[in-house]
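Please read them alongside the coordinates.

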Amino acid sequence: MIRDLQIDFQCLVYQSGYPQEIVKKANVSSNLIQELFLRLLLESKKKIGGKIMKVCISLTKDEKQINFCCSDDIYDVAVVFLELPFKDLNQYFALSSYEKSDFLLKCIVKTFQELSKKTDTIDLNLINSIALKCKEDKFENHYYFGKLKSAKNRKHKAGLKVEHEMDTLKLYIDILDKEENLIKRELIIETEPIYPKYYPSLGGVKWTDNETVEMFNRKREILKTLSI
């Protein structure tokens, strides 16, 4: 089952001479769509990809004009090269957030179309349905990390709300009523939407009583306490 999806502009540093900081900016902008698509794919609980655990999409303007290239044998990590259809990255940066995500989504769909030629485990109907869902949701990647936790008296719930935008990621602790209407919210972190930046904070929540909830990180350290 595919558990990791990566879109990478990195080859442009070596092949076209773009400064590392410019390429990093492009890489950061791709995190929104790759995380949204992967989350929806995992939520489908479909075992798509066979032995493929990770898909890497390299967006590069190669001198040899390599549009698609992946190994004849599918391993744990499958790499597909797509030619960047822009004269330079300034054209990409000139796109709106929606247009960037739409372009990158098309790259993802093309990648799975190519992989489907190498293995019969790729369900293109599923891929297309997820792509449609991304567009229907206007590329909004807002979700609760893990399950909501109920207080002992079952009158309230709490959870970690992720709001993943193109340039930032915000993590909140939410308290809701039993119908899951928001009562109270407090910001935990705001950072670049890069996995190493926000992953350590993705822990969980725990009710200390029926009025107060604690939010802890991966190390079980308490980062925030919130009361109704």
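1. Basis. This is a predicted model, in which local features need pLDDT of at least 70 and side-chain atom pairs count only at pLDDT 80 or more, while totals for chains, interfaces and linings use all residues. Residues are numbered from 1 along each chain as its sequence is written, and side-chain values use heavy atoms, with hydrogens and water left out.

2. Overall make-up. The protein has seven helices and 10 strands; these are DSSP runs numbered from the N terminus, with helices being H or I of at least four residues and strands being E of at least two. Along the principal axes, the C-alpha atoms fill a box of roughly 65 × 40 × 30 Å. Of the 228 residues, 45% are buried (buried is under 20% relative accessible area, exposed is over 50%, and partly exposed is in between, with a 1.4 Å probe and protein chains only). Among contacts between residues at least 6 apart in sequence, 55% join residues at least 24 apart, where contact means heavy atoms within 4.5 Å.

3. Helices α5 and α6. Two packed helices are described by the angle between their axes and the distance between the axes. For α5 (residues 97-115) and α6, the axes come within 10 Å and cross at roughly 175 degrees. Axes here are lines fitted to C-alpha atoms, for helices over the stretch in contact, and angles run from 0 to 180 degrees between N-to-C directions. The angle makes α5 roughly antiparallel to α6 (under 35 degrees is roughly parallel, over 145 roughly antiparallel, 65 to 115 roughly perpendicular, and the rest oblique). On the α5 side the contact is made by Y98, D102, L105, V109, F112 and Q113, and on the α6 side by L124, I127, N128, A131, C134 and K135. These residues divide into eight nonpolar, two polar and two charged. In this classification Ala, Val, Leu, Ile, Met, Phe, Trp, Tyr, Cys and Pro are nonpolar, Asp, Glu, Lys and Arg are charged, and the others, Gly among them, are polar.

4. Helices α3 and α6. Helix α3 (residues 31-43) packs on α6 (residues 124-136) at an angle of about 125 degrees, and their axes are 10 Å apart. The two helices are therefore oblique to each other. From α3, the residues I33, L36, F37, L40 and L41 meet L126, I127, I130, A131, K133 and C134 of α6. By class, this contact has 10 nonpolar residues, no polar ones and one charged.

5. L126. Leaving aside neighbours within four places in sequence, L126 is in contact with L41, S44, K46 and I48. L126 and L40 are 86 residues apart in sequence, and their C-alpha atoms are 10 Å apart.

6. K157 and H156. Both H156 and K157 lie in strand β5, which spans residues 156-164. K157 is buried, with a relative accessible area of 19%, and H156 counts as buried at 15%. What does the side chain of K157 make a polar contact with? The partner is the side chain of E180, at 3.0 Å. A polar contact is a pair of N or O atoms within 3.5 Å; within protein, one must be able to donate a hydrogen and the other to accept it, and residues adjacent in sequence count only if both atoms are side-chain atoms. Beyond four places in sequence, the contacts of K157 include D174, D177, K178 and W207. Those of H156 include I183, W207, N210 and I228.

7. L59. This residue is found in strand β2 (residues 54-60) and is buried, with a relative accessible area of 0%. Its contacts, leaving aside neighbours within four places in sequence, include I7, F9, L12, L82, F103 and C107. L59 and E214 are 155 residues apart in sequence and 42 Å apart in space, C-alpha to C-alpha.

8. V77. Strand β3 (residues 77-83) contains V77, which counts as partly exposed at 42% relative accessibility. V77 touches K54 and C56, not counting residues up to four places away in sequence. The C-alpha atoms of V77 and I52 are 5.9 Å apart, with the two residues 25 apart in sequence.
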